[in-house]
Amino acid sequence: MNQPVSMIPDLLQIIPEVLLAGSVCLTLLLGLFVKKNRSVLLAVVAATVFIVAGIYILTSWPHKPEEIFAGTLRVDDFSAFFRVLFLAGGLLTLFISLQKENATEYVILIQAIVLGACLLSMSMHFATVLVSLELVSLCSYILAGFAFNKPSSEGSMKYFLMGTVATACLVYGISLIYGISGTLNFSSSQFVDALMQSKSVMIAVAALLILAALLFKLAAVPFHLWAPDVYQSAPTPVVAFLSVVPKLAGLALLIKIVLAFNLFGRATVDWRMLVAGISIVSILAGNLSALAQTNPKRMLAYSSIAQAGFLLAGVATLDPTGIQAALFYAVVFLLMNLLAFTALHLFEKWKSLPAMADFAGLGRVAFIPAFALTMALVALTGLPPTAGFTAKLFLFSSLWASWSDSGSTIMLILFIAGLLNTVIALYFYLKIPYYLFLKETPPGTASIKISITGNFLLLILVIAVTWLFLNPGLLMGWINRITFVL
Amino acid sequence: MTDIDFLFYLSVLLFCCGLLIVFTKKNALLILMGIELMLNAANLNLVVFNRQQAGLDGQLFALFVILVAVCEAVVGIAIILRVYHYYKSAVPDRVSELKEENR
């Protein structure tokens, strides 16, 4: 410990993150000096970095689990899986639309959030958790206000105020855990031993405080109140990004933290009960509130709260099958949410559509985006022929298996609640397709011009969502090889 | 009561004060102050608990917390200024167009 240690071998393990950090600096410089075609150039540079970093991670698959930087980060298949997801999320967001105003800041913030999310999925130490979580959060608060208008500033402030309270709770929870265990490394044996021996109530308090911050990132009940306002007011490409990358970063950390605190089932808190309870309430609250919404983005906000509940349902089983189902669900969730918001954005570029009724008959004048939006909503409901169905199938079968293995009633309740909610979800998700295709087009509606890149992106996402339905084996084969040893 | 116990109860008190401020105060800047109080309660804990441990983990982590708190304050005040520019108020209760639009 006392000898100076070279950082080079450790840095070589996280080349994608080093690249991202470098490209943040490069973007800043380019933004200062390039005047012509700035937004295109910056997007191309950032997209190239995302692609190179993603390919680098994929080619070095499978990773030998290795702890770097004195045990603060760990490179393994689990983190590699999430890092590829975050990079893909960032890449697709850059393609949704070209930010003309403040292009430099926009690209920097996107890259910084992806960087933070990548580091978060590798964190094994509370210090790296705090720093990378804050990197994600602070950039998200700024991005939420990126429409630069009145409602957007309001959404940004609400997001910020609730988010910082969540962070303060996280930090206090960490300080309590440090007092009990004497270590900040939550994968170390010292941490597990100390928590096993201690009978203190403080463990439960600290764990709940830490959990609160993660549920906030996931937008799960009871920390979901920011989501509808932010989704409604922020620019649509930003919402697409915020609904995917920070949420899945929260999921990655939540899986690790819950497995660490579960202490192989010997914890004083019944984690299965707790996570399953939050999951049920999130699914119910999200879906029931979504029923009453008229604004499509607000509806998708509540829908994403319910989706967070489904992601948590996989974690609640606390066994590898359930978590693998949650990981599969995470991939599909990324694709279908980005698809829904991209299609919505292409409609919005043409005309502002604050209510679902404004979509009446637009399916006839703009078939491709209407079809893509319908596919996305069908996938979110969980119906064939989309990957949403496959993901829910894996999830429900893992819940069923968990119930028949452990016999805990909460798993059965979760199973039934999930199935029932798919029926409720049908009603509000299919409202937009109903307006799109079955209502008459208002007279005088000009046909919508959608850019080629927009159509191309929609097409790729639609193909991805159907392909995962027809052929889930390849992805599931990868996920099955991920181990969850702490 | 030992020193460490006393300081721990102090930090609990600070944290609860901070939380109370967050829930009762109307102005966004005062809420930010409450959050700072909560973060400092955690810092106190970290530094105090570090006395029982070998190494400097807790104190170093407290430095990170201070750093994060500064960044949070910068971003937060910038956002609150922007809200003030539009609404001429920094009271979240009066800044609620989004919900009304929905009704």
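Helices (H or I, at least four residues) and strands (E, at least two) are DSSP runs, numbered from the N terminus. With that in hand, let's meet a predicted model, in which local features need pLDDT of at least 70 and side-chain atom pairs count only at pLDDT 80 or more, while totals for chains, interfaces and linings use all residues. Residues are numbered from 1 along each chain as its sequence is written, and chains are lettered from A and ligands numbered from 1 in the order in which they are written.

**Chain A as a whole**

- Chain A holds 22 helices and 2 strands.
- Along the principal axes, the C-alpha trace of chain A spans about 75 × 60 × 40 Å.
- Of the 486 residues in chain A, 57% are buried. A residue is buried if 20 or more other C-beta atoms lie within 10 Å of its own, exposed if 12 or fewer, and partly exposed in between, with C-beta atoms placed from the backbone.
- Two residues are in contact if their C-beta atoms, placed from the backbone, lie within 7 Å. Taking the contacts in chain A between residues at least 6 apart in sequence, 77% join residues at least 24 apart.

**Helix pairs in chain A**

- Helices α4 (residues 77-96) and α12 (residues 245-262) of chain A have axes that come within 10 Å and cross at roughly 170°. Axes are lines fitted to C-alpha atoms, for helices over the stretch in contact, and angles run from 0 to 180 degrees between N-to-C directions.
- This makes α4(A) roughly antiparallel to α12(A), a label for angles over 145 degrees.
- On the α4(A) side the contact uses A:Phe82, A:Leu85, A:Phe86, A:Gly89 and A:Gly90, and on the α12(A) side A:Val245, A:Leu248, A:Ala249 and A:Ala252.
- A second pair is α17 (residues 367-381) and α20 (residues 431-438) of chain A, packed at about 155° with axes 9 Å apart. So α17(A) is roughly antiparallel to α20(A).
- Here A:Ala370, A:Leu373, A:Thr374 and A:Leu377 of α17(A) meet A:Ile432, A:Pro433 and A:Leu436 of α20(A).

**Where chain A touches chain B**

- The contact takes 35 residues from chain A and 35 residues from chain B.
- On the chain A side, α6 (126-144), α7 (150-181) and α10 (226-233) are the elements that give two or more residues. The largest share, 19 residues, comes from α7(A).
- By class, the chain A side has 18 nonpolar, 11 polar and 6 charged residues. Ala, Val, Leu, Ile, Met, Phe, Trp, Tyr, Cys and Pro count as nonpolar, Asp, Glu, Lys and Arg as charged, and the others, Gly among them, as polar.
- Helix α10(A) is largely enclosed by the rest of the structure, because 8 of its 8 residues are buried. Among them are A:Trp226 and A:Tyr231.

**Chain B**

- Chain B has 4 helices and 0 strands.
- The radius of gyration of chain B is 18 Å, well over the 13 Å that the globule rule gives for 103 residues, so chain B is more spread out than a compact globule.
- The C-alpha atoms of chain B fill a box of roughly 55 × 25 × 20 Å along the principal axes.
- Buried residues make up 37% of the 103 residues in chain B.
- B:Ala78 sits in helix α3 (residues 57-87) of chain B, and counts as partly exposed because 14 C-beta neighbours lie inside 10 Å.

How values were computed
Parallel < 35°, antiparallel > 145°, perpendicular 65-115°, else oblique. Rg over C-alpha atoms; globule rule 2.2 N^0.38 Å.
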